[in-house]
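Subject: Handover of a structure

Dear colleague,

Please find the structure below, followed by an account of what was found in it.

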Amino acid sequence: LERDSNGGLYAGNQADQRVIYTVTTAPPARGVAPQAGAEIPQQDGERFLQLPALAHWVAELATRITANAAGDGQRAQQIESWLRSNGRYTDTPPEIGDSAPVEAFLQRGLAGHCEYFASSMVVLLRTLGIPARLVNGFAGGQTNRIGGFVTLTRGDAHAWVEAHFADVGWVRFDPTPPDLRMVAGALGRGRRIAELFSAIEIWWFQQVVDFDHSDQARAARSAWLGWRRWRSTRQAGPAPAPESGTRSQPLVDGRAVLVAAGIVAALLAASRLRGRRSREPRVPREYRTALRLLARRGLVRDPATPPRAFARQVAHALPAAAGAFESLTEGYLSVRFGGRSADEAHEHDGGPDEALRRLRDSLRT
């Protein structure tokens, strides 16, 4: 595990693999007094009050939302409530154009996903002098009642806010409006079957695929204790004979063995299929090719540079290539974050291959 500058934990090189972990927590009380005062953690200096260049109306909006607050604690609660009450959750937020994302979100209807709501609350709090930070993690998940675990997927990824107060430290706030995905449905037959397969799959990975030395030691100890119990039972005397007319049951039901074998075979096939899918590139081929072509011209996208910002750099350095690369960039964003195919993303400009051809031609000239 790796720890970042905010104290968050990350598992390296696990993007396409199943991660099984156990967490034991004792969460502190969330409540904060309305009149509580905010303070900056001494070790972090002014870090959690830093702000980008913003329009003057952003600070005015924060002041207007919290006009009747009794203290910093109530200011944070009022901003959280305002965003939850007036916002609309959507995975496909409207285009923001050339505006700063937070400004566009606050000015154009408060429609977006959790990153928009959490980032906006952090900005609004900091304009009021309240130290705040954005937190990424997971929320929700599905409880598997058969296996006794909770399954978290990429769809459960979430962002929320923490603000710092003098008496209680970091306090969690979630300004994102409640999402219907978080509402647990009835345990119907389809979901029961899915839970059964998931429980068997986890068992398979724990007991077969990921059976490491510690698991072997536990299994050896369990076998030793089982042998000792069996031995003490034998020394106590033979078990009573079954009554006449009863039939002894076989230790293993043949039909159960066939069913289990079929389930294991299906799980292995699904695992191989999922493995092939997980290896599929999430970055469109055309965009990767475009980055290589531009790198030959000395234009290399830094990992910290957003795609659209890099497209503007390309337009400044190579005006002739601006249109084609901007089209490829928008296609990449639609595929990477919008769940669309490359052909759908380029349906209005002749397809991804056509956009790449125009880029090649512009670089030749």
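The accessible surface of the chain is about 24000 Å², and carbon and sulfur atoms hold 53% of it; accessible areas come from the Shrake-Rupley method with a 1.4 Å probe, and for residues only the protein chains shown count as cover. This is a predicted model, in which local features need pLDDT of at least 70 and side-chain atom pairs count only at pLDDT 80 or more, while totals for chains, interfaces and linings use all residues. Residues are numbered from 1 along each chain as its sequence is written, and side-chain values use heavy atoms, with hydrogens and water left out.

The chain contains twelve helices and nine strands, which are DSSP runs numbered from the N terminus (helices: H or I, at least four residues; strands: E, at least two). Of its 365 residues, 30% count as buried, that is, under 20% relative accessible area, with exposed meaning over 50% and partly exposed in between (1.4 Å probe, protein chains only). Of the contacts in the chain with a separation of 6 or more, 61% are between residues 24 or more positions apart; contact means heavy atoms within 4.5 Å.

As to confidence, the mean pLDDT of the chain is 78, and 73% of its residues reach 70 or more; pLDDT is the predictor's confidence in each residue, from 0 to 100. Confidence is highest in helix α4 (residues 114-127), at a mean of 95, and lowest in helix α7 (residues 254-278), at 54. Over residues 246-257 pLDDT stays under 50, and the model has one contact beyond four places in sequence for them. Residues 276-281 also stay under 50, with two such contacts.

Two residues deserve a description. H158 is found in strand β8 (residues 157-165) and is buried, with a relative accessible area of 14%. Its side chain is joined to that of D174 by a polar contact of 3.0 Å (a pair of N or O atoms within 3.5 Å; within protein, one must be able to donate a hydrogen and the other to accept it, and residues adjacent in sequence count only if both atoms are side-chain atoms). Beyond its neighbours within four places in sequence, H158 is in contact with C114, V135, N136, G137, F138, A139, D174 and T176.

L110 is found in the loop between α3 (101-107) and β4 (111-112). L110 is not a glycine, yet has a positive phi of about 55°. Most residues other than glycine have a negative phi. L110 is buried, with a relative accessible area of 5%.

Yours sincerely
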